[in-house]
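Subject: Handover of a structure and the findings on it

Dear colleague,

Please find below the structure that I am handing over to you. My findings follow directly after it.

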Amino acid sequence: PEVQTGALPNGLDLRICMLPRLPIVSVNLFLRAGEGSLAEGRAGTAVLTGDALEGGTRQRSGSDLAEALEGIGARLGVSTGWEGTSISVSVLADRLPEAFSLLAEVVLEPDFPSVEVDRVREQRLAEIRQRSMDPSALASDEASRRYYAEGLPYARPQGGTEASIRSVTRDHIRGYADACYQPGCGGLVVVGDIDPDQIRSLSGEHFGAWVGSPSVVDDFCVNPETRERRVWILDRPGSVQSELRVGHVGVARTTPDYLPLSIANLLFGGTFTSRLNLNLREQHGFTYGVRSRFSFRSRPGPFTVSTAVGNDVTAPAVREILTELETLVRDGPTEEEVDAARDYAAGVFGLHLETAGQIASRLNQIIVYGLPDDYYHLYRDNMRAVSTDEVTAAVRAHVRPDEVQVIIVGDADSILSSVEALALGPLQVV
């Protein structure tokens, strides 16, 4: 659908999309208040602030706020990531003015009562403790630590560490919201059965007097911890299987090679018929499934292959993953593979634009990463235009088998000798 663009006088980017199929509206407010802007000692503050946002305003308690939302059939959601915080509300079109008012109240007048801050802090600490007992989460966190240089935001868990979360107080959260919940560089996306003039009026009424820019923004250079291939075994005595992560620092979302790399990932490990899955699952029976992924962020995110296998096939699985990586870089993909991945990506695109919320999410990506206004209008044509040579060149430019970090969470006594025999590089048992 067509999108009307504009901006409020305070710089807040405004995107309005009419979708009259159903009398539903999705409103998404994006703020440059993300974990990527925080120093290590304050890691998790952005996430905690977002978690505590629904705990009440200066006008209403948390229960009163929930009752007001329920009274108009609205659903409020808050999501915080590396790039920023998104506060969204979904509601029937005839209750949109009330929903706008509540959204503005939540964002502009948060109270962060102590009891709510304590609750979300304990909840976050419980999640961190749970992650420490989950082999999959352990492997992913360790991969980030081994890919990125020490001290970089991407080297730590997005939600912070136990030490950093314990140190966050109500005053820290209030200070963070005051400093970073600002309209500058943010955006407001409204999709659904709407009147654009009404949206402009409501936006000006509730957010027009709001001024300011975030005091802290992402400002760091991404460097890998090492460019030497290394193996890390996190000893988990008694484990009957191993969690594997194989990868390195990837590329940023704004790379010109985004589409070729997306196609390369689909054919390598992003679909059921990918090279990795046909090898490790179908041919060898090592695993129920294996995936690869480029995590595209405002700065280079990780490229990672992920799977879980039994102890007895841990070393063979690692060997096959590296063999597939080396083969892809050396020989490139086939025309048939690129055709299939390209058609799949273009074909499923429409399935991700079925609801007002899905369209709002796409428009939000344009704001977050500064994409052209017509990016999604041209997406399928641009995807279909990617050639096999372009995919091959992108793979050779950005996938580096000799620099991967191999992270294994498992029983070291059971797997150490066979992994050592692979002679992949320096090995350390953690």
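Please note that the model is a predicted one. Helix α10 itself spans residues 275-283, and its buried residues are R275, L276, N277, N279 and L280. The elements that cover these buried residues include the helices α9 (258-270), α11 (314-331) and α12 (335-349), together with the strands β9 (290-294) and β10 (302-310).

Positive phi values also occur in residues other than glycine. One of them is C185, with a phi of about 65 degrees. C185 belongs to the loop between α7 (170-180) and β6 (187-192). With a relative accessibility of 54%, C185 counts as exposed, because the cut-off for that class is over 50%. A423, which is not a glycine either, has a positive phi near 55 degrees. The loop that holds A423 runs between α16 (412-420) and β12 (427-429). A423 is likewise exposed, its relative accessible area being 63%.

The packing of helix α1 may be of interest to you, and I describe two of its contacts. In the first, α1 (residues 45-52) meets α4 (residues 114-132): the two axes come within 9 Å and cross at roughly 125 degrees. The two helices are therefore oblique to each other. The crossing of α1 past α4 is right-handed. On the α1 side the contact is made by V47, L48, D51 and A52, and on the α4 side by E116, V120, R121 and R124. Sorted by class, the residues of this contact between α1 and α4 are 4 nonpolar and 4 charged, with no polar ones.

In the second contact, the axes of α1 and α7 come within 9 Å and cross at roughly 90 degrees. At that angle α1 is roughly perpendicular to α7, because the class covers 65 to 115 degrees. Here T45, A46, L48 and T49 of α1 meet H172, I173, Y176 and A177 of α7. The contact of α1 with α7 comprises 5 nonpolar and 3 polar residues, and no charged ones. L48 of α1 takes part in the contact with α4 and also in the contact with α7.

I turn next to the aromatic residues. How many aromatic pairs does a search of the whole structure find? The search returns 13. A pair of aromatic rings is described by the distance of the centres and the angle of the planes. For W82 and Y154, the ring centres are 5.1 Å apart and the planes stand at 70 degrees, so this pair is edge-to-face. W82 sits in the loop between β4 (75-80) and β5 (85-92), and Y154 in the loop between α5 (135-147) and α6 (162-166), so the pair ties together parts that are 72 residues apart in sequence. Both partners fall in the buried class: W82 has a relative accessible area of 8%, and Y154 has a relative accessibility of 1%. A further pair is formed by Y376 and Y379, whose ring centres are 6.4 Å apart and whose planes are at 40 degrees, so the pair is tilted. Y376 and Y379 are both buried. Finally, ring pairs join W82, Y148, Y154 and F220 into a cluster.

V107 lies in helix α3 (residues 96-108). Is V107 buried or exposed? Its relative accessible area is 4%, so V107 is buried. The residues that V107 touches, leaving aside those up to four places away in sequence, are L29, L31, I87, Y181 and W210. V107 and L53 are 54 residues apart along the chain, while their C-alpha atoms are separated by 7.7 Å.

The other residue is E205, found in helix α8 (residues 196-207). E205 is exposed, with a relative accessible area of 58%. From E205 to A104 the C-alpha to C-alpha distance is 9.8 Å, and the two residues are 101 residues apart in sequence.

Yours sincerely

Conventions. Residues numbered from 1 in each chain as written. Predicted model: local features only at pLDDT ≥ 70, side-chain atom pairs only at ≥ 80, totals over all residues. Heavy atoms only, no water. Axes fitted to C-alpha atoms, helices over the stretch in contact; angles between N-to-C directions. Helix = DSSP H or I, 4+ residues; strand = E, 2+ residues; numbered from the N terminus. Parallel < 35°, antiparallel > 145°, perpendicular 65-115°, else oblique. Left-handed = near helix turned anticlockwise from the far one by under 90°. Contact = heavy atoms within 4.5 Å. Nonpolar A, V, L, I, M, F, W, Y, C, P; charged D, E, K, R; others polar. Phe/Tyr/Trp six-rings, centres within 6.5 Å; stacked < 30°, edge-to-face > 60°. Buried < 20%, exposed > 50% of the residue type's maximum accessible area, 1.4 Å probe, protein only.
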